[in-house]
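Trainee: I am new to this structure, and I would like to learn how to read a sheet, the helices around it and a few single residues. Could you take me through it step by step?

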Amino acid sequence: MELRVLRYFYTVAREGNITRAAQLLHVTQPTLSRQLMQLEEELGTVLFHRIVLTEDGMLLKRRAQELLELADKTQKEFQSREELSGEIAIGCGETCNMAYLSDLMVSFREEHPLVRFRVYSASADEAKDRMESGLLDLGLLMEPVDLSRYHTVPMPCRERWCALVREDCPLAALPSVTPEDLAPYPLLLSWREQVLDMLGRWLGEELFHRVTVAARYNLINNAAVMVHSGMGAALTLDRGFAPHPGLRNVPLSPALESGAVLAWKQGQTRSRTVEQFIWHIKSARL
């Protein structure tokens, strides 16, 4: 299976129109159709049914996107070996430490203007999966997270956990909320298992098994929309501002905090550009 043919397939799958895909790829429509038929023969499956992806076609689309991203990333790493250049791919969670990392990205580009960054917003688990597959060089990961396979640099900001509630909720009038305060309310909790374990310990085993979990979420902005709609109270990190009008962050009591780290996979070969950026970050933390 050639990368060229995978790119043909992915373009058709993305566009949903073989004529438009042929124009974007600068090939004739008969040539593109023939390449897709040969790909189906090679894989022994049907990828399209009247230009609609089959189940196997959807699987291949996901794999093709990953392979093409990795191929493009590798090509950029080998371009211009003299002056520092290329792309650094970073997976970033929702954390105030992004402001600190952004400042370091700016100062690094002031020294090396040919370098560019690709930022992928993701939970810690998703970022780790993409680092494992080589699609990301670094991950800005919120704790708690398993870091046994990674080198890390701790980030400076620790963030407190809070209950995100509507302003008309009785909890909004409290200076802080305890597990007992939350017991009567449906809760929105993170879908990350390690975070769920941490929140379960904070709530206490007996109460944790008694509360109603209305939803699990991975993006705080989406949780805020659900809270605003009246689904319940979301246990989230306090960003220093209510992410939606009409909501309030109420600190947890006893206090609960999480830190963040910048991580990269152990034993993985990295480009000179990525190595220099890691050194730039370590120097800033000295």
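Mentor: Let us begin with pairing: two strands count as paired if DSSP finds at least two bridges between them. Strand 6 and strand 13 meet this with five bridges, in the antiparallel sense. Please keep in mind throughout that this is a predicted model.

Trainee: What stands opposite H151 in strand 13?

Mentor: The residue opposite H151 is W264 of strand 13. In general, strands of a sheet pair through backbone hydrogen bonds, and they do so either parallel or antiparallel. Both senses can be found here: strand 5 and strand 13 pair in the antiparallel sense over four bridges, with A260 in strand 13 as the bridge partner of M142, whereas strand 3 (residues 86-92) and strand 5 (residues 138-142) run parallel and are joined by three bridges.

Trainee: In what order do the five strands form the open sheet?

Mentor: The order is 4-3-5-13-6, and the pairing is mixed. Strand 4 (115-121) and strand 6 (150-154) each have a single partner strand and stand at the edges, so one side of each is left without a neighbour in the sheet. If you ignore direction, neighbouring strands of this sheet are turned by 25° against each other on average.

Trainee: Which helices pack on the sheet, and which strands do they touch?

Mentor: One of them is helix 5 (residues 97-111), which touches strand 3, strand 4, strand 5 and strand 13 (260-265), and whose direction makes about 160° with that of strand 4. Helix 6 (residues 124-132) also packs on the sheet, touching strand 3, strand 4, strand 5, strand 6 and strand 13, and its direction makes about 160° with that of strand 5.

Trainee: How many residues of strand 13 are buried, and on which faces do they lie?

Mentor: The general idea is that in a regular strand the side chains alternate between the two faces of the sheet. To apply it you need one cut-off, which is that buried means under 20% relative accessible area. In strand 13, six of its six residues are buried, with A260, L262 and W264 on one side and V261, A263 and K265 on the other, and thus both faces are covered.

Trainee: Now for a helix: which residues of helix 11 are buried, and where do they lie around the axis?

Mentor: Start with the length of helix 11 (residues 272-285), whose 14 residues reach 20 Å from the first C-alpha to the last, close to the 20 Å expected at 1.5 Å a residue. Its buried residues are T273, V274, F277, I278, H280 and I281. They cover an arc of only 155° around the axis, which puts them on the same side of helix 11. What covers these buried residues includes strand 3, helix 5, strand 4, strand 5, strand 6 and strand 13.

Trainee: With which side chain does the side chain of H280 make a polar contact?

Mentor: H280, found in helix 11, makes that contact with the side chain of S107, at 2.8 Å. H280 counts as buried at 15% relative accessibility, and, not counting residues up to four places away in sequence, H280 touches L104, S107, F108 and E111. In the loop between strand 13 and helix 11 you will find S271, which is buried with a relative accessible area of 12%. The side chain of S271 reaches the backbone nitrogen of V274 at 3.2 Å.

Trainee: Is W161 buried or exposed, and which side chain is joined to that of W161 by a polar contact?

Mentor: W161, in strand 7 (residues 159-166), is buried, with a relative accessible area of 5%. A polar contact of 2.8 Å joins its side chain to that of S258. Leaving aside neighbours within four places in sequence, the contacts of W161 include V195, L199, L237 and P251.

Trainee: Which residues does V5 touch?

Mentor: V5 lies in helix 1 (residues 3-15) and touches Q35 and L39, not counting residues up to four places away in sequence. V5 is buried too, with a relative accessible area of 8%. The C-alpha atoms of V5 and T178 are separated by 57 Å, and these two residues are 173 residues apart along the chain.

Note on methods: Residues numbered from 1 in each chain as written. Predicted model: local features only at pLDDT ≥ 70, side-chain atom pairs only at ≥ 80, totals over all residues. Heavy atoms only, no water. Helix = DSSP H or I, 4+ residues; strand = E, 2+ residues; numbered from the N terminus. Axes fitted to C-alpha atoms, helices over the stretch in contact; angles between N-to-C directions. Contact = heavy atoms within 4.5 Å. Expected span 1.5 Å × (residues − 1). Buried < 20%, exposed > 50% of the residue type's maximum accessible area, 1.4 Å probe, protein only. Arc of directions from axis to C-beta. Polar contact = N/O pair within 3.5 Å; in protein donor to acceptor, adjacent residues only side chain to side chain.
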